[in-house]
Amino acid sequence: TSPYSFQGLGAEGIRLLLLAKRETSLPIVTELMEFKDIELFNDVDIIQIGARNMQNFNLLKEVGAYTRKPVLLKRGMSSTLQELLMSAEYIMSAGNPNVILCERGIRTFETATRNTLDLAVVPILHSLSHLPVMVDPSHASGYSYLVEPVATAAAAVGADGLMIEVHNAPSQAKSDGAQCQTPMEFQRTMEKIKAVRKAMEL
């Protein structure tokens, strides 16, 4: 949000992601900011539309018409659920039915967390739409110690997936280090999430 903070690596960043994909066989997701860069995303598995572009309707329509890749659509920081669903409609009506909704917290008066996570949206969106719903506990909380309890709560309310930031050395991360889990913390979180999901099957 600041022009003086880390701004990403552009084409070089995608090259590095694709290198990681080749070495690990893991799919990759990264954020598209402007449609003029879409060809750089030909080998990306999921295209993310960030919270600040959720109502960039021209971008949504262009992405929907250009590709059938899954599009991860993050809820805007001050957007209602109806606005989120209508943004998804822009992508789908342009020809791409493969949309994933993502709750990442909204802006409220509260400052104890980075954003205020609205977990009630998960079952609400499931009742209003056929689209999968993810939760981003990292951006919602802003602090690594909150990621595990928030992630397990999201799993308990039926989230279809989670977006959790992980870094080998969070203190050295170029951005968002405060909300990054270490690999060991992430492993522990995943064990708890699996236990919650198993309990939910009872």
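Visitor: In what order do the elements of the chain run from the N terminus on?
Guide: They run α-β-β-α-β-α-β-α-β-α-α-β-α. That makes seven helices and six strands in the chain. Both are DSSP runs, numbered from the N terminus: helices are H or I with at least four residues, strands are E with at least two.

Visitor: What makes the chain as compact as a globular protein of its length?
Guide: The radius of gyration is 17 Å, and the globule rule gives 17 Å for 202 residues, so the two values are close. The radius is taken over C-alpha atoms, and the rule is 2.2 Å times the number of residues to the power 0.38. Along the principal axes, the C-alpha trace spans about 40 × 40 × 35 Å.

Visitor: What kind of model is this, and how are residues numbered?
Guide: It is a predicted model, in which local features need pLDDT of at least 70 and side-chain atom pairs count only at pLDDT 80 or more, while totals for chains, interfaces and linings use all residues. Numbering starts from 1 along each chain as its sequence is written, and side-chain values use heavy atoms, with hydrogens and water left out.

Visitor: How is a pair of packed helices described, and which numbers apply to H6 and H7?
Guide: The angle between the axes and the distance between them describe two packed helices. H6 (residues 144-156) and H7 (residues 183-200) pack at about 25°, with axes 9 Å apart. Axes are lines fitted to C-alpha atoms, for helices over the stretch in contact, and angles run from 0 to 180 degrees between N-to-C directions.

Visitor: Why are H6 and H7 called roughly parallel?
Guide: Angles under 35 degrees count as roughly parallel, over 145 as roughly antiparallel, 65 to 115 as roughly perpendicular and the rest as oblique. The angle here is about 25°. H6 and H7 are therefore roughly parallel. On the H6 side, the contact (heavy atoms within 4.5 Å) is made by Glu148, Ala151, Thr152, Ala155 and Ala156, and the H7 residues include Glu185, Arg188 and Met200. By class, this contact has six nonpolar, two polar and five charged residues.

Visitor: Why is histidine 167 called partly exposed?
Guide: Its relative accessibility is 29%. Buried means under 20% relative accessible area, exposed over 50%, partly exposed in between (1.4 Å probe, protein chains only). Histidine 167 therefore counts as partly exposed. Histidine 167 is found in the loop between strand E6 (161-162) and H7. Leaving aside its neighbours within four places in sequence, histidine 167 is in contact with Ala173, Cys180, Gln181, Thr182 and Pro183.

Definitions and conventions:
Ala, Val, Leu, Ile, Met, Phe, Trp, Tyr, Cys and Pro count as nonpolar, Asp, Glu, Lys and Arg as charged, and the others, Gly among them, as polar.
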